[in-house]
Each structure stands twice: as structure tokens, then as C-alpha cells.
Amino acid sequence: MSAAPAPGAAAPADDVARSVGTKAWTPYALLSPGMLWLAIFFLIPTVMLARMSLSSGSAFAGDGTFTFSVKSLQWGNYGDAISKYVIDSPIFQKSLIYALIATVLCLAIAYPLAYTIAFKAGRWRNLLLVLVIAPFFTSFLLRTTAWSTILSDSSVVVQFMESTGMLNVLHAINTPDSWPTWTQIFPDGLTGENRVLQTPLAVILGITYNFLPFMTLPLFASLERIDIRLIEAATDLYSSAFTAFRKVTFPLSLPGVVAGTLLTFIPAAGDPVNAALLGAANDSLMGNAIDAQFKATGNYPLAASLSVMLMVVIVTMVALYVRRAGTEELV
Amino acid sequence: MSEQTTSTAAPVSTSGGGADLHIVDVTKRFGSFKAVDDLTLTIPAGSFFALLGPSGCGKTTTLRMVAGLEEPSAGRIVIGNEDVTHKKPYKRPVNTVFQSYALFPHLDIFENVAFGLRRSGSKDVRNEVEAMLELVELSTYARRKPTQLSGGQQQRVAVARALINKPEVLLLDEPLGALDLKLRRQMQIELKRIQTDVGITFVHVTHDQEEAMTMADTIAVMNAGQVEQMGAPMELYENPVTTFVANFLGQSNLIKGELTGKTGGDASLLVQGQRMAMPTARVHSERDEVWVGVRPEKMQISRAGTAVEGENSMAGVVTDASYIGVSTQYLVKLPWGQEVSIFSQNLSTEGPLGAGEDVVLHWNPAHTFALDASQDADAGAEKVEGDE
């Protein structure tokens, strides 16, 4: 607990400030490599991306050059992007919803896991933490491909889901054909009638699996910091174990929840790998659409406008979310 | 408990609440270590009770068992007429002021204090919290966060947060340990005032003997999971029954001696060939081999040759004299090599005696106590001031 600084402490602090003042450039010197890195690899590319999204031309057509003119900004690229990827086929919404479901699943799995490691694991704590990180030692692609075996039609998992009737229920979750195209996120159900691979569920499970450590580690970090005496104080003040969790433990773990959901949701929304490896051929997400426009079609302006759209929407959602969670008020 | 549902503007009643707390044959083991060893204590309603002892003596474990944060390995804990031994902490009529306060960092002061009331479903949270903040003089801080308060203020919030629930017993775990000396003195008086006002049973755990003596009506000195001695502060200090109490509560000079006889109220002693007297009531030994004890401030020091009638006396040589204003602290070497300490009021105009001077130490026989010589004469002596 921080006590108010003693009045006498002010004078030496001034001395320190003065002696440091002679090397006022030190913080800038220390910052410059990072700033330079950000400028070269983030700021300039972002400006170039925004510029490209308002240009005309194609990599594979005409002379393969792009023209950008302030006088004729190609806002039509965004119009194309919206009509193609939001209205005609709801790939944009689908990416956000898949990412959202995966994030919620991650939170549901990671919270109890992180809680157990932080409070109940005792001497197993370090081993469990290593196990959380262990999958990183094998390639992302390899692990994702492994899921296509786990979820293959003849696998135990799918057989079990089929025999218990789970597949029927999941298959029934769909958007009715009568609804407009922009709502058709699960037109054929969350799973197939008797298969999981190459259905939305496979993609969502893949994302959930791949991003689980990004949820678990920040949650663990914030749960571990909680003073156990606070929980004891809550039970001493007439809270049952559940109320103590709801009123003390969970609010104090919110910074971890926010960090974890952001670290999961943001990359998940743009991830092309899980959809490419686990999804149906026609079931692409934003990551795949952008990839295709860049590489297959050569329509760089459209690809750029898709990227900018995704970025703006995610930044807006994140800003609203962080403000709502009010984490800056936490210690 | 029924009082908790009635809402009154004032959170505290002067009618004197609280209930007797009985700790009956309680043992707590952690693995093979016995933190509390067959402890039996009765703490009467409305008293300010201190559990005093060094780190690891089992005092905090005892408190946590009363709070319900630890479960006894054996024995019973009864509050009033209710056996709470196996009750969850939130079902007990006790509240705790935690060491280093454990205030909820995500809630403001108002909500911290209101926490217990909201859980127990009080109808008039607002008025009760405001009245309580008034009592601890923190009304203007209601909307601050705990980290924005000073240590002393946080301490008062911690007391308010516990007290507002009108527990039968309020438990205080080293509540002043994190405060500096001056603030601690101030809070000692403050806590004593609050306890007198509300009349709730306070059980206070501390390793600071001065703190315990200032505040408590009754002190239990704990050592190695057991109570060494229990009583009013003055009784413990003036008439300790074990060497641990004699050394832990203040200082004592303990000199090997032999009990030679008891006639009526008086007992006679032989100390290194010298006859001495003392009251039989202050002999706490079954055996004749005893530690003869005298508190340093009870001994008087005079130049050799001074006649002392009717007092116990022995000769010695001053080895060290420290003048500390209100008193002078002497170390005096006795003929058989043992050193004793004497606190002497600076009453003479001549200044203190110097090192090397031959002196005679003398004291009123009524200030002598005798302890079983099978005990370690240094037990309880090495305590660290202000640890934790």
C-alpha cells in the first residue's frame, strides 16, 4: 500500500531531477529504435495501405501500375468491398462472428484453467504453465492440420458427437434461406449433418485452439496478482465463495480478461489459416478474401480497402469495449 | 444477530454488544507442525482482549480459526451459545481487520465500508455508511480509492468496514503493524475509544507488548501454540509466572537461587549465599531450585556501603551506565560474573554513577518473583521490535 510521500522527500527528488536533466535526451535515445521500427514497419505501411485503398489499377491488368490522385479518390473501392463482402456474401460479418464465438469459447476454457493454475495448482503451477505454452513448440500450420485429423468424419470425436445427437443440434443452428443474403452466416448450419470438418464449427474450434494460450497467459498474470487476503476479506464480510468471486476476484481480474480477449479477438478476426485448412472450400473469411484479392486477382486497391475496413471496425469495437470495461480505473 | 436487520441511523450502539468467545481444546496442525496446541481460552463479552506473542507462536492461526479462515484440527470454537467450529466464515458473527488492511482496490471507500452491509441485505446502507465514516472521520474521502489514502486512513477504513456489521466479536490481526510509531500511538488510543463506544468484544493479535498493554484489559501471552499466562496487563508485568512472560513482557533480571522455607505469607531464599525474602504468593515453582526475578526498574542502585534495612540486596560493580534523559540504564556485574540491568530514575543531582564503581543493589522483597529453574532463563528475550 502506498503511503503519502513525506514532505521532506520533495527536496531530494528535485536534486535527482536536476542531475537527470543534464541528460534530457536519454529517454529519446532509448525510444528511438522502437519508434524507428514502428515508423518503418507500421506507420508508413498503414499510410501506403490507405493510399492504395483509394487508388485505381490492377497488378495483372493493363500496365500493372496504380494511380492515386487526390482529385479523384477511388471511394468506389470501398463500395465494391461492401457490396461484395458484406452484402452479397457476408464474409465480413462472418469473420467478426467466428472470432467473437472463438473468443467467448477461449474465455470459457481459459478462465477456469488460469484460475486453477493461479490459486489451486500449488507445486504443479510451473508445470501447468509450461503445458499451456508447450504447443508453441510445434508449427502453427502443423497443429492446425492435426485438427483436420481430429475432426475427420471417422474420428472418435465426430462419431461421439453424431451418436449423442450433438451434430443434429449443431446442424440445426443456421440462418433460414428466406433471410437476406447479408445475414447468411451459417447458411448450412454450424456443422454438417454428419460431419464437422469443413464446416463453420471446425474453423471456430481451430481458432479457439490456436489462440487459447493468448487468453490463458494474461488471465493467469492478473489472477496471480490478486492478494488472497482480499478474497478472505470478502468471505469475512458475508460473501459466499461465489459472491466473493463475483464481487472481488472477477473485477480484479478484468485487466486480464480485457487483455486476453483483445489478444484473441484481433488476430482471430483476420486469420486466414484456420478457414483455409479446416473450412469448406467456399467458406472463406476476411483473411482469405484479402489474400485472394492480393494474390489471385491482383486487385490491390480492393484488397487494401478490405484491410482498412477490417482495421477501422476492429479499432472501433476495441475502443468501445475497453471503455465499457473501464480498465483504466483498475490498479 | 437480529440487530443487524433493524436499520438505525447510528451504526453503533452504546448498549454494549458482543458475546463470550470460547476456544475449547483447540489444536491446529500444519503437516507435522502444531501451530496451536490444545488451546483453551474464554474471552468475556465486551472485553478488549490481546493475544500477544512472537512470530510463529500461533496467535494469528488462532484468530483465523475464530474468523473461519482456518479449520481447527481438533477442538471447538463457540461464540455466545453457538458452536461455529465448522461454519463458513460468512456465516459467523465475527469480522476481521486484516493485517495490511486488505481493502478492495477496485472499490471506493464508501463501497468498501458498505461491502458487508450489501451482502447481508441491509436496507439503509447509505445512512449507515455515512454515519460510520463520520465515526472514523473519513466522510470527505467517501469517493476516493484506497490507494489514494494514507496508511492511517486506510487503517480506519479497515476498522469501519468490519465494525459497521456490528459483529459479536471483532478480530484485529496486527492492525497497526504497518503504521509508523507516532501514528500507531494515536491509533491505539483511537481503537480503545471506539471499543469503549461500541462495547463489542475485540480480540487483538499483536507481537508488540506495549501495544497490547496500552489497549487490552486482558492479555494472553502465547508461545509455541500455548498460552503461557493470561491476565490484566499489570498482573502479567508485575507477577509473571514463566521466564518467557518475564522476558517477553518487558525485561527481567533472573538470578539462580534456592527456596529455603515458607512461613505464613513469606518465603525465604538463598541466593549465592545471601538470604532474601519474598511473598509466598509470588513463588511460581514446585521445586526449590528457582530463578529469582526482579524487574530492572524495581532495583535501586546505591554506592557501596549504603545501609539498606529490610530490603533484599546484593553487591556489584557498574560495568556500563547509559544516561537516556528520563532514566539511566546501568549494567551491573555481580560477584559471580552475571550481569543485571537497572533502570534508575535520575533523581539525584550528582549525575549517574560511573563504570567501575562498587555499588549495592537493593529492592523491596514484595517486588521479587520466583520461577521454576528448569526453564530457559532467556526464553522470550530475543524479540524483534516492529517486525513484519
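## A walk through chains A and B

Start with chain B, which splits into domain 1 (2–238) and domain 2 (251–372), bounds that come from an automatic or database domain assignment. This is a predicted model, in which local features need pLDDT of at least 70 and side-chain atom pairs count only at pLDDT 80 or more, while totals for chains, interfaces and linings use all residues. Residues are numbered from 1 along each chain as its sequence is written, and chains are lettered from A and ligands numbered from 1 in the order in which they are written.

Colour the two domains of chain B separately: their centres, taken over C-alpha atoms, are 40 Å apart. The C-alpha trace of chain B spans about 75 × 45 × 40 Å along its principal axes. Switch to cartoon view and you have eight helices and 21 strands in chain B; helices (H or I, at least four residues) and strands (E, at least two) are DSSP runs, numbered from the N terminus.

Next, look inside. Of the 388 residues of chain B, 43% count as buried, that is, with 20 or more other C-beta atoms within 10 Å of their own, C-beta atoms being placed from the backbone. Now select B:Val66, B:Val113, B:Val203 and B:Val221, which touch the most other members of the largest nonpolar core, a set of 100 residues. Domain 1 and domain 2 of chain B each supply at least three residues to this core. Such a core is made of buried Ala, Val, Leu, Ile, Met, Phe, Trp, Tyr and Cys residues joined through C-beta atoms within 7 Å.

Zoom in on B:Val66. Leaving aside residues up to four places away in sequence, its contacts are B:Leu21, B:Ile77, B:Val94, B:Val169, B:Leu171 and B:Val203, where contact requires C-beta atoms, placed from the backbone, within 7 Å. A second, separate core of 60 residues includes A:Leu205, A:Ile207, A:Ile290 and A:Met309.

Now for chain A: select helix 2 (residues 26–53) and helix 14 (residues 300–325), which pack at an angle of about 120° with axes 7 Å apart. The axes are lines fitted to C-alpha atoms over the stretch in contact, and angles run from 0 to 180 degrees between N-to-C directions. Show side chains for the contact, including A:Leu49 and A:Met52 of helix 2 of chain A and A:Tyr300 and A:Pro301 of helix 14 of chain A.

Finish where the chains meet: the contact takes 21 residues from chain A and 22 residues from chain B. On the side of chain A that touches chain B, helix 10 (228–236) and helix 11 (241–270) of chain A are the elements giving two or more residues. Helix 10 of chain A gives the most there, with six residues.

How values were computed: Buried ≥ 20, exposed ≤ 12 C-beta atoms within 10 Å, placed from the backbone. Contact = placed C-beta atoms within 7 Å.
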